[in-house]
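Welcome! Here is a friendly tour for anyone meeting this structure for the first time. Take a look at the sequence and the model, then read on.

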Amino acid sequence: MRYSTEQKREMRAAMLSAMGRGLRKNGFAGSGVDDLARRAGVTSGAIYSQFGSKQAVFLAALEAGLDELAAAIPDYQNRHGAGWVWAFAGHYLGRAHREDLEGGCVMAALTGDVVRAGEEAHRLMEDKMQHIAALAARGLKGGSEAERLARAWALISLLAGGLNLTRAMQRPEPVQALAESLIEAAVQAAGPARDVSGG
């Protein structure tokens with residue numbers, strides 16, 4: 001059976017989505033090619049045929065996940081106007097996202113793996129994160145461009161680090177209290193937000 005270019009692209013995206021969930025849950029070291037293939041419903045050979053190596057799968061999943069985050073920030077800005085930081089921080093550190101390790105943000109889930117990875121992963125992370133910070137800064141007001149970018153970095157860092165810290169704790173009450181404190185801190189670090197929704 002022959003597949004069209006679009007079908008092949010969709011199949012590859014579906015494989016990558018399934019494997020990305022496995023990488024978020026188990027990390028790079030804890031994810032074997034056989035396990036990733038099982039998650040994607042394909043053979044190990046299909047993974048090597050599509051991606052070439054587990055490292056390439058990791059890079060592709062990292063890129064796709066960071067692209068999702070890059071798309072989410074303008075979406076929140078458009079839907080929530082000047083309240084986008086509150087809405088975004090509340091979602092990011094909310095219970096549903098905290099408890100969804102497989103489907104959560106790669107910025108938090110895979111950063112530790114990037115730290116231990118090679119130059120290509122570092123370069124990819126750096127380029128994507130600079131773009132994400134610029135998108136966040138676009139939705140802030142007051143101060144210079146450099147100051148808004150610094151506040152955007154503070155917001156992003158509090159959210160990513162905070163998510164990992166809340167996930168490392170177990171008892172519901174202190175986790176919720178921490179999450180609420182972090183949301184407040186993230187909003188304060190971001191400072192005044194502006195409405196870029198055009199609505």
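With a relative accessibility of 42%, Arg-123 counts as partly exposed, a class that lies between buried (under 20% relative accessible area) and exposed (over 50%), using a 1.4 Å probe and protein chains only. Because Arg-123 and Glu-119 are four residues apart in helix α9 (residues 119-138), about one helical turn separates them.

This is a predicted model, in which local features need pLDDT of at least 70 and side-chain atom pairs count only at pLDDT 80 or more, while totals for chains, interfaces and linings use all residues. Residues are numbered from 1 along each chain as its sequence is written, and side-chain values use heavy atoms, leaving out hydrogens and water.

Side chains of opposite charge can pair when their charged atoms come close. How many salt bridges does a search of the whole structure find? The search finds 13. One of them joins the side chains of Lys-25 and Glu-102, at 3.8 Å from N to O. Lys-25 lies in helix α1 and Glu-102 in the loop between α6 (95-99) and α7 (106-109), so this pair ties together parts that are 77 residues apart in sequence. Lys-25 is partly exposed, with 43% relative accessibility.

Arg-39 also forms a salt bridge, with Asp-35, and the closest N and O atoms are 3.8 Å apart. Both residues lie in helix α2, four residues apart, or about one turn of the helix. Arg-39 is partly exposed at 26% relative accessibility, whereas Asp-35 is buried at 18%.

## The overall fold

The chain has eleven helices and zero strands; these are DSSP runs numbered from the N terminus, with helices (H or I) of at least four residues and strands (E) of at least two. For 199 residues, a compact globule would have a radius of gyration near 16 Å, and the 18 Å of the chain agrees with this. That radius is taken over C-alpha atoms, and the globule rule is 2.2 Å times the number of residues to the power 0.38. The C-alpha atoms fill a box of roughly 55 × 40 × 30 Å along the principal axes.

## Inside the model

Of the 199 residues, 41% count as buried. The largest nonpolar core holds 58 residues, and Ile-47, Leu-62, Trp-84, Tyr-92 and Met-107 touch the most other members. Helix α4 (residues 54-80) supplies the largest share of this core, eleven residues. Such a core is a set of buried Ala, Val, Leu, Ile, Met, Phe, Trp, Tyr and Cys residues joined through side-chain atoms within 4.5 Å.

Which residues does Leu-62 contact, leaving aside its neighbours within four places in sequence? They are Val-106, Leu-110, Val-114, Ala-121, Leu-124 and Met-125, where contact means heavy atoms within 4.5 Å.

Beyond its neighbours within four places in sequence, Ser-31 is in contact with Gly-22, Leu-23, Asn-26, Leu-36 and Lys-54.

Technical notes: Salt bridge = Lys/Arg side-chain N within 4 Å of Asp/Glu carboxyl O.
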